[in-house]
Amino acid sequence: MSVTSNPQTRQWQELSSDHHLAPFSDYQQLKEKGPRIITHAKGVHLWDSEGHKILDGMAGLWCVAIGYGRDELADVAARQMRELPYYNLFFQTAHPPVLELAKVVAELAPAGMSHVFFTGSGSEGNDTVLRLVRHYWALKGQPQKKVIISRINGYHGSTVAGASLGGMVGMHEQGDLPIPGIVHIAQPYWFGEGGDMTPEAFGIWAAEELEKKILEVGEANVAAFIAEPIQGAGGVIIPPDSYWPKIKEILAKYDILFVADEVICGFGRTGEWFGSDYYDLQPDLMTIAKGLTSGYIPMGGVIVRDLVVKVISEGGDFNHGFTYSGHPVAAAVALENIRILRDEQIVTRVKEETAPYLQKRLRELADHPLVGEVRGLGLLGAIELVRDKATRARYEGLGVGMICRQFCFDNGLIMRAVGDTMIIAPSLVITKAEIDELLDKARKCLDLTLEAVNG
Ligand code: PXG
């Protein structure tokens, strides 16, 4: 394990090694190094058990929209726990917080989407999507319309349906996934896969893959297409401008549902309430989580278009739900979180002030010798690390992304590495001064990484 100055750090690391199985971790490596123990947080900063202050460039895991340490959320949670800590929504019961939250979420959602099914997470949301869309087509007398088209390197969660809908090869390899009835098309990742095409031409090509797949599977068998407006976990992949308009054209031609996975883009990250608003998409279902509660408590859900709700409502029982669907404490926290986002005009501030500033500062990194591309939108950013700017060739086999991530950690910044793509998604309340801190640290760590790979 790594050298520590606080004896308690070592004790916690031993507990990790002896008893804890962490998500998405190499257990051998974790045992050798020991996890970094995060003890508290405020605003956009975290502190570890060694006393280091770290700027969290990832808002936790893309979720802490309003920043850490807002007492209002703790207070409503405590109040709700005293009043009604739990009751379920099965068997024709309900409670005030979930009903009020459904109304507020429907107010924010695009027009014509006025109902919400709540879950405990984004993954459960996408499991709900799978069951809902198949149920919908069965009720419409087309039970064979089952296939869901998704994208390679999309991320839709870690449950069996979520990981199957997602296009992560490493996840599919473990557990014999995807399950039947889910097929994948190419992603609109120009920098990595666009070759000699212009971004515009590549965007059209990638969108046309959807039409090809619909025709190959047969429109009569396709239930839905699911996609993140911007792929998050895949590496902040911002599609070329030609992509979404072409996808919309294709969706208009065929009778299939469109599911926007808004787990990352939802609740303000693009400077609009939803990524679908930013790209003017008209989803039939939207998966939500993360920013819904700012991660203070787990909650997800699916917002459903009225036309779909009409069919489902006339179809008898929908045999699906979770013990914690619409949990009252989570609902109360979500309501307070949304109140803060609205009252403090946080989404407007992102759009008008902090996103333009972050994007400007981020692009200053483009001149760095290690950087092949900088892209971003709203409070999302990606920095591609390359050996050769002109050819976009990588440092094969060096793990440059991980080297850079480690320098960031050691210099008080959390920036995530997806392969050799560094990504950021800070809290929506980040200030201009904190954006300066983030970008100054990022540049320093790029310098250190360059030195390390060249030295
Ligand atoms: N959809 C999207 C678009 C997501 O980003 C999920 C669904 C699943 O949500 P839950 O709440 O079940 O985790 C996510 C989650 C990463 C990373 O490495 C991203 C997520 C989860 C774990 C790791 O960036 N996103």
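The chain contains 17 helices and 15 strands. Its radius of gyration is 22 Å, close to the 23 Å that the globule rule gives for 455 residues, so the chain is as compact as a globular protein of that length. The model is predicted. Along the principal axes, the C-alpha atoms fill a box of roughly 65 × 60 × 45 Å.

Of the 455 residues, 56% count as buried. Among contacts with a separation of 6 or more, 71% join residues 24 or more positions apart. The exposed surface comes to about 19600 Å². Carbon and sulfur atoms supply 54% of that surface. The chain carries 43 positive and 57 negative charges.

Helix α5 covers residues 96–108. At 1.5 Å a residue, its 13 residues should span 18 Å; the end C-alpha atoms are 19 Å apart, which agrees. The buried residues of α5 are Pro-97, Val-98, Leu-101, Val-104, Val-105, Ala-106 and Leu-108. These residues pack against two helices, α4 (71–83) and α14 (328–343). They also pack against the strands β4 (115–119), β9 (285–288) and β10 (300–304).

Helix α14, one of the packing partners of α5, has 16 residues. It reaches 22 Å from its first C-alpha to its last, close to the 22 Å expected at 1.5 Å a residue. In α14, 13 of the 16 residues are buried, so the helix is largely enclosed by the rest of the structure. Gln-345 follows α14 and has a positive phi, near 50°.

Helix α15 spans residues 346–363 and holds Leu-358. The relative accessible area of Leu-358 is 0%. Buried means under 20%, so Leu-358 is buried. Beyond residues up to four places away in sequence, Leu-358 touches Gly-378, Leu-379, Leu-380, Ile-424, Ile-435 and Leu-439. Gly-376 is 18 residues from Leu-358 in sequence. In space, the two C-alpha atoms are 8.8 Å apart.

How values were computed: Residues numbered from 1 in each chain as written. Predicted model: local features only at pLDDT ≥ 70, side-chain atom pairs only at ≥ 80, totals over all residues. Heavy atoms only, no water. Helix = DSSP H or I, 4+ residues; strand = E, 2+ residues; numbered from the N terminus. Rg over C-alpha atoms; globule rule 2.2 N^0.38 Å. Buried < 20%, exposed > 50% of the residue type's maximum accessible area, 1.4 Å probe, protein only. Contact = heavy atoms within 4.5 Å. Areas by Shrake-Rupley, 256 points an atom, 1.4 Å probe, with all protein chains shown as cover. Lys, Arg positive; Asp, Glu negative; His and termini not counted. Charge placed at Lys NZ, Arg CZ, Asp CG, Glu CD. Expected span 1.5 Å × (residues − 1).
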